[in-house]
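Let's walk through this model together, from a group of rings to the sheet and its packing. Have the structure open as you read.

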Amino acid sequence: MDETLIIKRLVVGSLSANCWIAGALKSGEGLVIDPGGNDVIISRAIDDAGLDIKLIILTHGHSDHIAALYEIQDKTGAEVAIHISDADFLEGRGSFSSQFGISYKTPPPPDRLLRDGDTIGVKGLNLQVVHTPGHTPGSISLYTAGKVFTGDTLFHRGIGTTMMPGSSRSQLISSIQTRLMTLPDDTIIYPGHGRETTIGAERRDNPYVNGRKDNSYW
């Protein structure tokens, strides 16, 4: 796969979510993961990257990860993909916009409903869909060799919150242990909040992985 990849992190919205722009330099095609707010900033970054955005992938349906979806889809004409178990979030069910204090235009229906094991991407960058439920029923991670976008499943020394309807602490921990901790230690984690880390670092230092208590979650 390795045509020189572009991976750019943008911190957007009132909850400082990560929006990722990724693509292959050679093909010129790209995708956006979790356009969670500040559509003008995301649009400018897309233009600066020089990528033709073909796809918008949502790691889950919470409002802090989809609040700029309407505008970015309108700008790019890209297809929208989300796991089938979170598809109703795009119609406002359970998006928690009022609790988060986030308002946004209702996004378009998804073009593709994802399932575990699907492959999705653009020319030069293919991602495997890894269903990692717990934060939401349809939370996914997106894996390509040496890299994984984890949404709000796994962070640097933290995990996603399980304090909302539809979430499950035991399911989230199981997803991390059985779906993510099986990846090589040098796999780079691109999370939904906070800085990059690696599977090996989280195996060693993350209290939810190694059993030590902590309270770092979203």
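Ring pairs link Trp-20, Phe-149 and Tyr-190 into a cluster; rings of Phe, Tyr and Trp (its six-membered ring) pair if their centres lie within 6.5 Å, with planes under 30 degrees apart counting as stacked, over 60 as edge-to-face and the rest as tilted. This is a predicted model, in which local features need pLDDT of at least 70 and side-chain atom pairs count only at pLDDT 80 or more, while totals for chains, interfaces and linings use all residues. Residues are numbered from 1 along each chain as its sequence is written, and side-chain values use heavy atoms, leaving out hydrogens and water.

The structure holds three aromatic pairs. One of them, Trp-20 with Phe-149, is edge-to-face, at 5.9 Å centre to centre and 70 degrees between the planes. Trp-20 lies in strand 2 and Phe-149 in strand 10 (residues 147–151), so this pair ties together parts that are 129 residues apart in sequence. Helices (H or I, at least four residues) and strands (E, at least two) are DSSP runs, numbered from the N terminus. Phe-149 and Tyr-190 are stacked, because their ring centres are 5.0 Å apart and their planes stand at 25 degrees. Phe-149 counts as buried at 2% relative accessibility, and Tyr-190 does at 6%; buried means under 20% relative accessible area, exposed over 50%, and partly exposed in between (1.4 Å probe, protein chains only).

Six strands form an open sheet with mixed pairing, in the order 1-2-3-4-5-6, where two strands pair if DSSP finds at least two bridges between them. Strand 1 (5–12) and strand 6 (112–114) stand at the edges with a single partner strand each, so one side of each has no neighbour in the sheet. Strand 2 (residues 17–24) pairs with strand 3 (residues 29–33) in the antiparallel sense over four bridges, and Ala-22 stands opposite Leu-31 in strand 3.

What lies beside these strands? The largest nonpolar core has 21 residues, of which Ile-21, Ile-42, Ile-56 and Leu-58 touch the most other members. Such a core is a set of buried Ala, Val, Leu, Ile, Met, Phe, Trp, Tyr and Cys residues joined through side-chain atoms within 4.5 Å. Helix 1 gives the most to this core, with three residues. At the end of helix 1 (residues 39–49) you find Ala-49, which counts as partly exposed because its relative accessibility is 23%.
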